Amino acid sequence: MPALSAARPRDDRGQRRDLSVTTAVRHIRSGGQKKGLQTTVTAEITAEVERLIGAGPLDDIDFEAVETAARQMALRIMGHAVAKRLNADHSDETGCVVCGCGAEARYTGRRRKTFTTALGPLILERAWYHCEHCAEGFAPRDRALGLDSSSLSPAALRMTGLIAASVSFAKSSELLAALAGLDIDPKLVERQAEALGEAIAEDERRVIEPEPSKAHTLYLGLDGTGVPVRKSETQGRKGKQPDGPPKTREAKLAVVWSADSRDHDGNPVKDPDSVSYNAAIETAAIHDTETEPPPFAKRVLRELERRRFRDAPRQAVLGDGAAWIWNFADEHLPNATRIVDIFHAKQHLFDAAKAIYGTGTDLAAAWGKQRRDELDQGRFDQLLAALQEHADSCPEAQRTLDYFTNNREKMRYPDFRARGLCVSTGVLEAGCKSVIAERLKNSGMHWTVNGANAVIALRCAIRSNRFDDFWERRATG
Ligand SMILES: [Zn+2]
């Protein structure tokens, strides 16, 4: 859980600043608590610590029990003080306020509600207003304190979002209890994490703040990976499996990075902290009837703007053989070097070797190795000739031959390497795994498209170091 010093309340200019324990106590004191709070708290703490540790030799104490109990106590004391301070302030009673609908809402008394906060459950009493026009009530203070979207406080919501981005909702609930002492039901974790992810997705569409870049070469990697979804999400769609409807939907991923660093052998190496991710289950296909780019293309364009991609002196697009990737590059990045990710290219050769000589055979291994060497060394004519030999008898060999013939210009690896370009996108491969698969493709998971996209948005923001910026905008907006 974050340290208290990480809490940054807004001052009256809307600026946020650090709040230490001392100033927190001063805040509590200055607002109506005349004197004695600190003294009382200190005395209470000293007495409780004595009681916890006891009079015996220290060698005998169960320190874990002491630290756990002491932390709970600290939270309880501060929680109590904070709630008391907030509840003593009745400045939110103003007779009437303007409702969101524009009509006047009338004050009807104070209402209690329990919020889950980083300090544990707090009961807050807020002035309640009723709007006759909407036939609904609300507490203006909830909005002021960032409590209007749920029963979770901002800090509790942030913890929930960060943990649910990493592990299942059930596991998140367990860890929140074990680590932060928060009692949040898995269903609530799910709802809140999804709402947060949707807010991040909305923020990503709305806010494009170009980030400074000094990179000489910027890379855009595009890839897709299947996410297991509920039956209802695939109805009416064509499946990959011949025996029935599809069980997955494709999440598409755009990764931008630079690799101006070099290893000992002079090969390009991904620059630390240069990677950003943007992904969603979204269509990238262009329909004749539509005049605007498909949703995923728009997403990639936003990412390119954010990264000032077109300002880079050199640009490259990497991907597998999928048509939409090269269509996108043709339309939007005419100056970029197009490169088929060598990992994908070699995968095609593995598959062809298996189809021709049988899985796991020595012949398949030897043939596959030769073809991969030819690919690495730019002996493309030999590679195509070797595939041609089997094209008539093996459909997979024919498919592979077509693939290599069609993408030949994008597989000039010796040339790309000589120009210091990255050809093996460990970055792209790892991106699909770390952004999508690790969280969304575990056994037994069946996502709704909305739910998957919310969690993907959350993960992308965190992995791209953009979560804090989003949170800042959310708190101040
Ligand atoms: Zn209203």
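Q: Two residues are in contact if their C-beta atoms, placed from the backbone, lie within 7 Å. Which residues of α5 and α6 meet in this way?
A: This is a predicted model, where local features need pLDDT of at least 70, side-chain atom pairs count only at pLDDT 80 or more, and totals for chains, interfaces and linings use all residues. Residues are numbered from 1 along each chain as its sequence is written. From α5 come M159, T160, I163 and A164, and they meet F169, S172, L175, L176 and A180 of α6. Sorted by class, this contact has seven nonpolar, two polar and no charged residues. (Nonpolar means Ala, Val, Leu, Ile, Met, Phe, Trp, Tyr, Cys and Pro; charged means Asp, Glu, Lys and Arg; the others, Gly among them, are polar.)

Q: Why is α5 called oblique to α6?
A: Look at the axes, lines fitted to C-alpha atoms over the stretch in contact, with angles from 0 to 180 degrees between N-to-C directions. Those of α5 (residues 154–164) and α6 (residues 169–180) come within 9 Å and cross at roughly 130°. That angle makes α5 oblique to α6, since under 35 degrees is roughly parallel, over 145 roughly antiparallel, 65 to 115 roughly perpendicular, and the rest oblique.

Q: What makes α12 roughly antiparallel to α13?
A: Again, it is the angle: the axes of α12 (residues 380–391) and α13 (residues 395–406) cross at roughly 150° and come within 8 Å. With 150° over the cut-off of 145, α12 counts as roughly antiparallel to α13.

Q: Is the crossing of α12 and α13 left-handed or right-handed?
A: α12 passes α13 in a left-handed crossing, with the near helix turned anticlockwise from the far one by less than a right angle (clockwise would be right-handed). The crossing of α5 and α6, by contrast, is right-handed.

Q: Which residues of α12 and α13 meet?
A: L383, L384, L387, Q388, H390 and A391 in α12 meet A397, Q398, T400, L401, F404 and T405 in α13. They divide into seven nonpolar, five polar and no charged.

Q: Why do β1 and β4 count as edges of the sheet?
A: The open sheet has four strands in the order β1-β2-β3-β4, paired antiparallel. β1 (96–98) and β4 (136–138) each have a single partner strand, so one side of each lacks a neighbour in the sheet. The twist averages 50° from one strand to the next.

Q: How do you know that β3 and β4 pair?
A: Pairing takes at least two bridges found by DSSP, and β3 (residues 120–131) and β4 have three, in the antiparallel sense. Here C131 stands opposite E136 in β4.

Terms used:
Helices (H or I, at least four residues) and strands (E, at least two) are DSSP runs, numbered from the N terminus.
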